[in-house]
Amino acid sequence: MTTSVFDNTIELPNEEVKKRTQNLIGFENKFQRIFGNLKLLLDQEGLVEWSKKFHGVELPIIHQLTDRYPLVILEGDAGTGKTVSAEGIADRMVRELKKEGFFLKLSTRVRGEGLHGQMGNLVNSAFAELKTQAGKKRLAFLLIDEADAIATTRSTLQMHQEEKAAVNTLIQKIDEVRELKGRAVIFMSTNRLHFIDEAIIRRAAVVLKFERPTDEERKELFAKSLEGIKLTAEQLQELSQLTSPEQNDNLGHSFSDIMLKILPEAIAASFPYNALTFEILCNTIRNIKPSPEIK
Ligand SMILES: Nc1ncnc2c1ncn2[C@@H]1O[C@H](COP(=O)(O)OP(=O)(O)OP(=O)(O)O)[C@@H](O)[C@H]1O
Ligand SMILES: [Mg+2]
């Protein structure tokens, strides 16, 4: 197998991922929700030990608990943090469970070329690699980013035979991952949950919704990323207002609109001769429309 199938592979725990994750607003709640759902699946030996220690036997229910699918679906609008959070969640999980980990991201590039006939092969090699990497002390994560490109519902009429076959392969592989006994986890991200095949959604242990930031979250985002610039509470409030749905035809700026467009542009307008000011920030925001919602 060539590594070109994957955008990147990361060894976990990873300091860079950890740092990036610390700056994510609302991360802790999302992590707890997913970890709460997966921890029984991911520590099956621990669960057996627990059962024997406290009850003297392996409780029958344990084997049902561990029969679930280690599949997490991250769904929501563009730029709401699905991709960055997947890495962060994997990194944190590995730390919580005191294990090591390997994170594979399925390349969007290969899919972007429209190689539909090869989709099945792609899925097969991704899961083969996942199996190779998974070990007793090592969790293997696979992120199928923008999964609607590959996991599209089979009920779509125009769907080609090869595409249907690829979805079938994907479902079969998800089923097989259970045999790895909690040593592998699959994340799928999508902007369009309604395009994802029902059989895949049904298997998910968690479907987590990502949204654009609330008023409070936008304020926190500006405050955190501009810490060191003296902005008053009123000014932060104003920045949050300018990026709110009320001021932008009912759709506010996304996390990535603020982090990857507004702030870099505001800095570019100041650097290298002037300080970054509240006025520059306001003017920049007025010139950048929120990215459209993906439906
Ligand atoms: N919760 C957050 N807190 C702070 N910044 C965030 C948050 N979520 C996203 N961002 C910023 O937005 C950028 C884009 O996030 P990301 O690429 O994960 O979005 P996405 O949901 O995967 O979008 P797409 O659907 O377009 O792939 C990140 O690099 C980060 O700078
Ligand atoms: Mg993404």
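Helices, with at least four residues, and strands, with at least two, are taken here as DSSP runs numbered from the N terminus. On that basis the chain of this predicted model has 13 helices and six strands.

## Overall dimensions and burial

Along the principal axes, the C-alpha atoms of the chain fill a box of roughly 65 × 55 × 35 Å. The chain has 295 residues, of which 49% are buried. Among contacts between residues at least 6 apart in sequence, 80% join residues at least 24 apart.

## Salt bridges

Side chains of opposite charge can pair when their charged atoms come close. In this chain the count of salt bridges comes to 18.

| Arginine 192 | Aspartate 148 | 2.9 Å |

Aspartate 148 forms a salt bridge with arginine 192. The pair links distant parts of the chain, the two residues being 44 residues apart. Aspartate 148 belongs to the loop between strand E4 (138-144) and helix H8 (161-177), and arginine 192 to the loop between strand E5 (184-190) and helix H9 (198-203). Aspartate 148 has a relative accessible area of 10%, so it counts as buried, the cut-off being under 20%. Arginine 192, at 25% relative accessibility, is partly exposed.

Arginine 203 is buried, at a relative accessible area of 16%, while aspartate 175 is partly exposed at 24%.

Lysine 219 and glutamate 216 are three residues apart in helix H10 (residues 215-225), so about one helical turn separates them. An α-helix has 3.6 residues a turn, so residues three or four places apart point the same way. Lysine 219 is partly exposed, with a relative accessible area of 21%, and glutamate 216 is exposed at 52% relative accessibility. Elsewhere, salt bridges that share partners join Asp77, Arg212, Asp257 and Lys261 into one network.

## Largest pocket

Rolling a probe the size of a water molecule over the atoms shows where empty space is left. The largest pocket has a volume of about 480 Å³. It is lined by 25 residues, and those closest to its centre are Leu24, Thr80, Gly81, Val84 and Phe255. At least two lining residues come from each of helix H2 (27-42), helix H5 (82-96), E5 and H12. By class, the lining has nine nonpolar, eleven polar and five charged residues.

Threonine 243 sits in the loop between helix H11 (233-242) and helix H12 (255-270). Its relative accessible area is 0%, so threonine 243 is buried. A polar atom of the threonine 243 side chain lies 2.9 Å from the backbone oxygen of leucine 239. Leaving aside neighbours within four places in sequence, threonine 243 is in contact with Arg218, Phe222, Asn248, Gly252, His253, Ile258, Ile262 and Ile285.

One of these contacts, Ile285, is among the buried residues of helix H13 (residues 278-287).

## Arginine 183

Arginine 183 lies in the loop between H8 and E5. With a relative accessible area of 24%, arginine 183 is partly exposed. Beyond its neighbours within four places in sequence, arginine 183 is in contact with Glu45, Ala134, Gly135, Lys136, Arg138, Leu139 and Ala140. The C-alpha atoms of arginine 183 and lysine 39 are separated by 11 Å, although the two residues are 144 residues apart along the chain.

Definitions and conventions. Residues numbered from 1 in each chain as written. Chains lettered and ligands numbered in written order. Predicted model: local features only at pLDDT ≥ 70, side-chain atom pairs only at ≥ 80, totals over all residues. Heavy atoms only, no water. Buried < 20%, exposed > 50% of the residue type's maximum accessible area, 1.4 Å probe, protein only. Polar contact = N/O pair within 3.5 Å; in protein donor to acceptor, adjacent residues only side chain to side chain. Contact = heavy atoms within 4.5 Å. Salt bridge = Lys/Arg side-chain N within 4 Å of Asp/Glu carboxyl O. 1 Å grid on protein atoms, 1.4 Å probe; cavity = no way out; pocket = protein on both sides within 12 Å on 5 of 7 lines; lining within 4 Å. Points joined across faces, edges and corners; volume = space filled by probe spheres on them. Nonpolar A, V, L, I, M, F, W, Y, C, P; charged D, E, K, R; others polar.
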